Amino acid sequence: MSALQRARDLAGYDEVAGLRQSQDLDWVLSLAPAAPGSLADLGCGTGALLQAAHGRWPSLGRTLGIDGAATRVAEARARLGARAEIRQGDLLALDPLGERFDLITATSVLHWLHPDEERALAWIAAHLADDGALLLTTHHPHVGPDGLGAEDVVAREAYAALGIDDFGAVLPMAVRARPAADVQRLLAAVFALDAIEEREVAVETASAEQYARFHASTFGTYFSRRVPAAEEEAFFAAVGEAAAARQARDGLVYPISVRLWRARPRRAAR
């Protein structure tokens, strides 16, 4: 599969998830206040968190995963089988379900909902049980003077290799991710926050090829749409080369802060 096809389908994520998101699964689930009877995972991807939750809590009952990418939905259904219901859906336009969950999770999702995060947060608030909890992770790039950080810097170097000197209409991830204080205000407007943890992590790669696959499977065509269509495949190769060069020079591709938030319904806090 070419990198471009991988990106268009958001395919192959399980092959590269170890570079970042899968590192957080145990950490996220460890902050659940109690063993849940029901769980909804928004932006469930290929179902890795849902699978880990069933392994941690054998008594877990009703389990729902929602993701916008058809390929990931198919992979999650194959992975979970009858243990979970997996739906394809837009997290900014979810229909009411008429049920509430003990635990709702959303890992590495919020930045994709910018600037309309409130829509998803309102849906979550309406679907949390009175004694339920939301577990949410957010990624916060180390932002430089130019306003770029994390994957932005790799994309910028790949653009430069192709003779492109700006982001055009592509909004940098450092903007989409929002500073932690802004995320806290968004959450506190809807929920009662009762736990916040933070980790500093290093994104690393073993090779240019591995990182090109990681970028394609994780970010899809978000950055590549900036380049002419005839050069999109070359863009992914340039991303891999830029990441490998940073790894060789700095011992990592880039650092990033990850925050884990636990929130409760406001009705439970009264």
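Here are some questions and answers about the predicted model shown above.

Residues are numbered from 1 along each chain as its sequence is written, and side-chain values use heavy atoms, with hydrogens and water left out. Because the model is predicted, local features need pLDDT of at least 70 and side-chain atom pairs count only at pLDDT 80 or more, while totals for chains, interfaces and linings use all residues.

Q: How many helices and strands does the protein chain have?
A: Let's start with how they are assigned: helices (H or I, at least four residues) and strands (E, at least two) are DSSP runs, numbered from the N terminus. On that basis, the protein chain has 12 helices and 7 strands.

Q: What is the radius of gyration of the protein chain?
A: The C-alpha atoms fill a box of roughly 55 × 40 × 30 Å along the principal axes. The radius of gyration is taken over C-alpha atoms, and the globule rule is 2.2 Å times the number of residues to the power 0.38. For 270 residues a compact globule would come out near 18 Å, and the chain agrees with its value of 19 Å.

Q: What percentage of the contacts with a separation of 6 or more joins residues 24 or more positions apart?
A: A contact here means heavy atoms within 4.5 Å. Among contacts in the protein chain with a separation of 6 or more, the share from residues 24 or more positions apart is 79%.

Q: How many residues of strand 7 are buried?
A: Buried means under 20% relative accessible area, exposed over 50%, and partly exposed in between (1.4 Å probe, protein chains only). Across the protein chain, buried residues make up 55% of the 270. Strand 7 covers residues 254–265 and is mostly covered, the buried count among its 12 residues being 10.

Q: Is His127 buried or exposed?
A: His127 lies in helix 6 (residues 117–127). Not counting residues up to four places away in sequence, His127 touches Pro96, Leu97, Gly98, Glu99, Arg100, Phe101 and Ile104. Its relative accessible area is 5%, so His127 is buried.

Q: How far apart in space are Glu231 and Leu162, C-alpha to C-alpha?
A: Glu231 sits in the loop between helix 10 (208–219) and helix 11 (232–250). At 30% relative accessibility, Glu231 counts as partly exposed. Glu231 and Leu162 are 69 residues apart in sequence, and their C-alpha distance is 8.1 Å.

Q: What is the phi of Ser108?
A: Ser108 is found in the loop between strand 4 and helix 6. With a relative accessible area of 15%, Ser108 is buried. Although Ser108 is not a glycine, its phi is positive, at about 55 degrees.

Q: Where is Arg178 placed?
A: Arg178 is a residue other than glycine with a positive phi, near 65 degrees. Its place is in the loop between helix 8 (173–177) and helix 9 (180–188).
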